[in-house]
Amino acid sequence: MHTAGSFHDRQTLTNTTEVSSFEISSLSQITVSVILGLLILTTVIGNLFVIAAIMIEKNLHSVGNYLVLSLAVADLMVACLVMPLSAVYEVTHEWKLDPELCDVWTSCDVLCCTASILHLLAIAMDRYWAITQVNYAQQRSRRRIGVLILSAWCVALVVSVAPVFGWKDAEFKRRIEVEKRCLLSQDLAYQIFATCSSFYLPLVVILILYWKIFQVARKRIRHKPGSKAIIVLKNTHSTTETCPNSPQKSSINTNGITSTSPGGITRLVALAKRDHKQRRESIQSRRERKAAKTLVIITGVFVICWLPFFVMALLMPICSSCELSDMLFSFFLWLGYINSMLNPIIYTIFSPDFQNAFKRILCGKKRTVISRPT
């Protein structure tokens, strides 16, 4: 009886443990599903807002915004074509669909994500030309922007379809059918080609361009023309010195200081110069910090989101024993996807036109038109 009771107790404990682990597993699946669903929904809404704003608002119908529009389309495709199936894969922990669908999904993944990254490069190039060429903003042609957009999509297409035409590793089919894992081709040559085309080369060029943009902006900030107040004081000083028959007493009030002699005026001019220099340096430093902050946010978010994944992508075919855990792999992958959610925020938040457009879309306010008297 004691043995039977012990066996019954062990069986009950085992069943309880299985139920408990099942509940934990179900709870984790629900949590992951909700989090990933919210990420997908936010990415879709954010990019739809950008597309709607550019399509509806006439003041956003500029040639430069075509790049932002195409970027939003690429990020929307990431959210609609790539992220949902990736979310299902994360929740089920295995690939239950056909190998052919795995090919299609990975190709869409590479196409959309690479296009998104290359659009960031195109935007950096456009901004560099705009700040280094005086008349570029007026001369920016649809043809040049169209070439940038077409180039981004063409390079992304070439990188994405290469595995479909046979550039795969020998284990590709076995991974899907036996291990139930859907991964992009792990052929080392392809990974070097794909990661360099999709990330490493664009990253280097983006960093160089934004560094040059900051240098040019910094130089322009420091060479802004001086204040008219100093010119007025200089002219007053010159008049006093060139009129020897005029009375010595002259009243100029600057910052509460009154002068009654040419020597006092000289001191006032010196004080005004010093105060202006301090104010100018303060404005310069604020503008430089703002410019640096903007560029750091743009490049920093891009690097943080994509660098871990592409380091992992290049490391996996080189070192088979260095393979990361499934959880870390998923985290790096979705961190890259999050870049598509952040892009519409980063590339519009600094624009008052986009801010006003979003407010009008959200609040339903119409643009106020001031009628001129006839």
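**View 1. Helix α2 against helix α3 in the predicted model.** The axes of α2 and helix α3 (residues 99-132) come within 9 Å and cross at roughly 150°, in a structure that is a predicted model throughout. Because angles over 145 degrees count as roughly antiparallel, α2 and α3 are therefore described as roughly antiparallel to each other. The crossing of this pair, α2 and α3, is left-handed. Sorted by class, the residues of the contact of α2 with α3 comprise 18 nonpolar, 4 polar and 3 charged.

**View 2. Helix α2 against helix α10.** Helix α2, which spans residues 65-92, packs with helix α10, residues 326-346, at an angle of about 150°, and the axes of the two helices lie 10 Å apart. It follows from this angle that α2 and α10 are roughly antiparallel to each other, and their crossing is left-handed. On the α2 side the contact is made by L71, D75, V78, V82, M83, S86, A87 and E90, which meet S330, L333, W334, Y337, S340, N343 and P344 of α10. By class, the contact of α2 with α10 has 9 nonpolar residues, together with 4 polar and 2 charged ones.

**View 3. Helix α2 against helix α5.** Here α2 and α5 pack at an angle of about 20°, with their axes 10 Å apart, and the two helices are therefore roughly parallel to each other. The crossing in which α2 passes α5 is right-handed. Residues Y66, L67, S70, A74 and M77 in α2 meet R142, I145, L148, I149 and W153 in α5. The contact of α2 with α5 has, by class, 8 nonpolar residues, 1 polar residue and 1 charged residue.

**View 4. The salt bridge between E57 and R360.** A search of the whole structure finds 8 salt bridges, and one in which the side chains of E57 and R360 meet has an N to O distance of 3.0 Å. Since E57 lies in the loop between α1 (2-56) and α2, whereas R360 belongs to helix α11 (residues 352-363), the pair ties together parts that are 303 residues apart in sequence.

**View 5. Confidence along the chain.** The pLDDT of the chain averages 78, and 71% of the residues score at least 70. Confidence is highest in helix α5 (residues 142-161), at a mean of 94, and lowest in helix α8 (residues 228-241), at a mean of 42. Over residues 226-260 the pLDDT stays under 50, although the model has 41 contacts beyond four places in sequence for this stretch. Where pLDDT is low, the predicted coordinates should not be read in detail.

Conventions. Residues are numbered from 1 along each chain as its sequence is written. This is a predicted model: local features need pLDDT of at least 70, side-chain atom pairs count only at pLDDT 80 or more; totals for chains, interfaces and linings use all residues. Side-chain values use heavy atoms; hydrogens and water are left out. pLDDT is the predictor's confidence in each residue, from 0 to 100. Helices (H or I, at least four residues) and strands (E, at least two) are DSSP runs, numbered from the N terminus. Contact means heavy atoms within 4.5 Å. Axes are lines fitted to C-alpha atoms, for helices over the stretch in contact, and angles run from 0 to 180 degrees between N-to-C directions. Angles under 35 degrees count as roughly parallel, over 145 as roughly antiparallel, 65 to 115 as roughly perpendicular and the rest as oblique. A crossing is left-handed if the near helix is turned anticlockwise from the far one by less than a right angle, and right-handed if clockwise. Ala, Val, Leu, Ile, Met, Phe, Trp, Tyr, Cys and Pro count as nonpolar, Asp, Glu, Lys and Arg as charged, and the others, Gly among them, as polar. A salt bridge is a side-chain nitrogen of Lys or Arg within 4 Å of a carboxyl oxygen of Asp or Glu.
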